[in-house]
Amino acid sequence: MAKNQSASLDRKKFFADPIMVTTIVVLIAFLTLFILYPLAILLVDSFVTDQGIGLSVFRRIMKMSNFRRAISNTLKVGFLVGIASALIGLLFAYVEVYVKLKTRFMEGLFKVFYMLPIVSPPFVLSLSMIILFGKAGIITRFLLHIYDNNVYGFWGIAIVQTLTFFPVCYMMMRGLLKNIDPSLEEAARDMGATRWKVFMTVTLPLILPGLGNAFLVTFIESIADFANPMIIGGSYDTLATTIYLQITGAYDKEGASAMAVVLLGITLLMFIVQKYYLEAKSTATLSGKASRQRMLIEDRSVTVPLTILCSLLALFVVMMYICVPFGAMFKTWGYDFHLTTKWFQQVFTKYKGFKAFKDSFVLSLIASPITALLSMIISYLVVKRKFKAKGFIEAVSMLAMAVPGTVLGIGYIRGFSAGVFRTGFLQGLYGTGAILVIVFIVRSLPTGTRSGISALRQIDKSIEESAYDMGADSLTVFMTVTLPLIKDSFLSGLVTAFVRSITAISAIILLVTPQYLLITVQINEFAEKGAYGIACAFASILIIITYSAVLLMNLVIKYFGTSRNYREE
Amino acid sequence: MAKEKKGVRLEHISKIYQDPKTKKNFYAVKDTSLDIEPGSFVTLLGPSGCGKTTTLRMIAGFESPDEGEIYLGGEPINALTPNKRDTAMVFQSYALLPHYNIFDNVAYGLKLRKMDKETIKTKVTNILKLVGLEGMEARMTNQLSGGQQQRVALARALVLEPGVLLFDEPLSNLDAKLRVSMRTEIRRIQQEAGITAVYVTHDQSEAMAISDKIIIMEKGIVAQMGSPQEIYYHPKSEFVADFIGEANFLKGPLKSKNGSDGVVDISGTKVDVKEISHFGIGDTCTLVLRPESAVLADAGQLPCRVILSCFMGSYQNYHVMVGDNLVKITDFNPKNKKIYDVGDKAYVKFDPANVHVL
């Protein structure tokens with residue numbers, strides 16, 4: 001019993017569609033060249049030396065005490081941040097889904113959390129941490145009169161990363177908790193369990209895989225994070241910063257490559273566990289939809305302490321964000337707290353602010369539509385079509401999610417500075433705006449693809465089949481049916497890609513040439529120099545740009561997104 | 001209305017699937033040959049997993065057969081993609097394009113055929129009139145009831161004047177009453193348009209009401225094909241008899257034979273039967289007795305004991321034991337008849353001509 005005939009017929013039908021074949025070939029080429037190849041070249045770099053293939057480079061870097069320290073530093077931070085973020089995320093999600101919130105104010109605070117992870121550029125929280133709690137911090141020096149508080153180091157990174165990443169956990173946990181059928185818990189209550197007992201024996205076991213999932217996602221984010229450790233790490237180096245210094249400071253390309261391989265190995269391992277074990281498990285236990293509305297907890301002994309706890313945490317986060325624009329308006333940081341606009345003026349007069357914003361803006365603007373379209377095409381192919389290379393396309397575009405920016409940056413340096421495989425082919429790309437755009441695309445592709453895939457999975461397969469059946473070819477089906485149906489996802493993918501690109505730093509900082517001034521790189525530079533006023537001014541304007549982009553997207557979706565009209569039924 | 005009625009021919013078609021758990025290949029459809037006459041209405045009927053939808057999707061081109069060749073109007077179409085085939089399908093979920101209004105949904109295929117605007121408009125208007133949706137052109141699909149959506153799906157397929165119209169359980173999402181009226185409508189429209197139709201369903205009454213010819217499938221194999229009457233009165237197997245309508249099966253050896261008539265021993269009682277010329281003395285015969293072909297009486301062929309008696313309005317529903325066999329009887333119009341109670345002794349009475357022997 002062999003499936004030869006259907007296989008050959010399917011192949012014939014497949015090749016009868018030249019547009020799709022071309023698309024797939026181009027996609028595979030793109031993914032191979034810009035994701036797989038740079039990573040492969042890192043492996044080559046770190047294993048192949050003049051003496052042949054071996055572990056000599058790894059032996060060399062393992063002898064460096066600062067590298068060994070960086071590994072343990074990174075893991076320590078990642079572990080703590082993962083746990084803290086998952087728990088705080090759970091707390092907020094639980095309060096939102098289970099507890100009756102009395103005030104408008106609290107509901108407003110929760111809405112802010114949706115936006116934070118989207119609009120916030122990296123290292124904004126690091127800046128405000130230094131402004132508030134540093135040696136000359138408003139709170140430490142002027143309220144508490146502590147003159148030697150050291151925010152730099154382990155605790156600085158851990159706190160800042162937790163505050164940066166917990167909203168993601170909050171959103172993951174919220175989704176899970178909403179899917180728990182309330183009657184499960186009611187049944188347990190009915191059989192005589194206390195609320196605490198219900199939480200421990202019903203709710204928690206149900207969401208445990210999800211909690212583990214949230215932990216790992218944050219863990220990966222934390223160890224891949226470059227910007228925060230760079231600014232607030234001080235002498236406490238993590239893997240990402242060590243790799244950066246190894247290549248920019250010590251010009252040790254092989255060493256940096258090997259370190260990047262180590263970092264990639266760790267994130268990949270975590271990613272595989274997360275993706276193929278926990279993710280499947282966390283949704284498998286909660287596949288059912290809640291049958292009814294949940295009775296919210298009104299018991300004051302529960303609501304009051306939880307509300308207070310959440311409010312304090314939330315206010316703290318909001319305060320951290322608010323103090324960035326203020327940081328940009330104080331005359332002399334630490335001495336003179338009169339308000340001034342001189343930093344904002346200097347951004348544009350002295351520090352080529354216009355060029356920085358223009359370069360960042362234009363490059364991101366080029367990258368985002370390409371990213372959005374590409375991710376929708378990938379999602380369409382993955383969800384709706386059957387062909388041989390599908391697994392490859394899906395795996396590689398998801399793989400990009402596990403690649404830390406620093407690793408990708410090193411890969412691009414090694415892979416393209418002398419052309420592909422050092423042959424000079426595509427060497428012209430290196431140092432141009434095009435390679436920055438490509439990095440932007442690769443960095444945002446996984447998020448876009450993921451949202452596209454989940455949007456497409458909700459669309460009945462037969463809708464596209466019907467169009468196909470009426471005589472449309474693949475391109476027509478995609479343009480007239482698929483894309484309009486996932487318009488919302490496409491639009492939000494567009495904006496997410498834009499925001500991610502304009503706030504990107506880790507890979508970019510390694511690849512940018514003096515020809516281009518990018519905002520994030522500027523912020524990083526000024527923050528390192530201690531010019532916090534200028535850094536905050538840049539950051540404030542950046543937040544305004546990203547926030548407006550998100551607002552604009554919501555408006556566009558509200559008025560032009562047709563999806564809501566037909567998704568309700 | 002159709003440009004040209006086309007017949008569909010399947011020659012030794014097989015489709016192999018892989019079981020996702022055991023990784024073993026199995027036949028979803030096995031060595032199936034069909035010849036569907038141009039302009040006829042043919043139904044593929046069977047329980048879920050029998051291969052009927054797979055067969056339909058192979059005709060549409062969504063699946064490729066592993067063995068055999070499919071012909072549409074005499075042309076082999078195995079290698080054609082669905083958009084190049086002269087077929088149009090009505091989907092179970094209707095699959096209307098939710099971002100288009102009714103007009104654009106129906107016009108979608110016509111636009112792809114690059115027709116001019118005027119022609120499209122006339123065609124769409126005519127077809128919407130045919131399905132009873134005139135004046136609804138501007139509505140969005142979610143403003144329609146299930147039955148109306150069904151009509152749009154039908155109109156959208158009909159307007160393309162395809163060589164063959166394919167239906168994939170189109171009525172299964174409608175409520176019972178609507179289902180009955182829609183099936184009559186589909187039959188009427190098919191006759192008016194004079195179009196070849198292949199219809200998939202698991203509902204036997206739907207199949208009977210609508211078809212020229214029914215093809216019953218079981219585990220990927222055609223169990224029987226024929227007109228509704230042939231299949232109902234002369235089922236070739238217990239599976240067919242049981243699937244189409246309800247049936248009681250009474251087994252026993254053939255005791256004597258006289259030409260085409262004979263006598264079968266059922267639980268110790270001699271029963272006269274007809275049309276048994278292909279059996280020999282001593283062979284086991286299976287009597288297929290439809291519940292509506294028998295009544296309970298004080299005298300009849302088979303002595304029995306009543307174990308369930310239930311008033312259903314238009315009929316009295318009995319379950320009785322004949323020896324060890326459970327026999328179901330629906331006695332219609334019970335108003336002025338003797339009603340037997342649970343525990344009563346009675347006889348099952350029927351006309352031997354109404355018994356089919358397997």
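The legends below describe close-up views of a predicted model.

**View 1. The contact between chain A and chain B.** Chain B contributes 29 residues to this contact, and chain A contributes 30 residues. On the side of chain B that touches chain A, β6 (87–90) and α2 (102–112) of chain B each provide at least two residues. That side of chain B consists of 16 nonpolar, 10 polar and three charged residues.

**View 2. The two domains of chain A.** Domain 1 of chain A covers 1–47 + 343–569, and domain 2 of chain A covers 55–327, according to the domain assignment. Taken over C-alpha atoms, the centres of domain 1 and domain 2 of chain A are separated by 25 Å.

**View 3. The contact between domain 1 and domain 2 of chain A.** Here 36 residues of domain 1 of chain A are in contact with 38 residues of domain 2 of chain A. The elements that each supply at least two residues of the domain 1 side are α2 (18–47), α17 (390–402), α18 (405–416), α22 (487–502), α24 (519–529) and α25 (532–560) of chain A. With 11 residues, α25(A) gives the most to this side. The domain 1 side comprises 23 nonpolar, 11 polar and two charged residues.

**View 4. An open sheet of five strands in chain B.** The strands follow the order β13-β12-β11-β14-β20 (chain B), and their pairing is antiparallel. At the edges stand β13 (269–273) and β20 (356–357) of chain B, each with a single partner strand, so one side of each lacks a neighbour in the sheet.

**View 5. The pairing of β11 and β14 in chain B.** Six bridges join strand β11 (residues 248–258) and strand β14 (residues 284–289) of chain B in the antiparallel sense. Opposite B:N248 stands B:L289 in β14(B).

Methods: Residues are numbered from 1 along each chain as its sequence is written. Chains are lettered from A and ligands numbered from 1 in the order in which they are written. This is a predicted model: local features need pLDDT of at least 70, side-chain atom pairs count only at pLDDT 80 or more; totals for chains, interfaces and linings use all residues. Two residues are in contact if their C-beta atoms, placed from the backbone, lie within 7 Å. Helices (H or I, at least four residues) and strands (E, at least two) are DSSP runs, numbered from the N terminus. Ala, Val, Leu, Ile, Met, Phe, Trp, Tyr, Cys and Pro count as nonpolar, Asp, Glu, Lys and Arg as charged, and the others, Gly among them, as polar. Domain bounds come from an automatic or database domain assignment. Two strands pair if DSSP finds at least two bridges between them.
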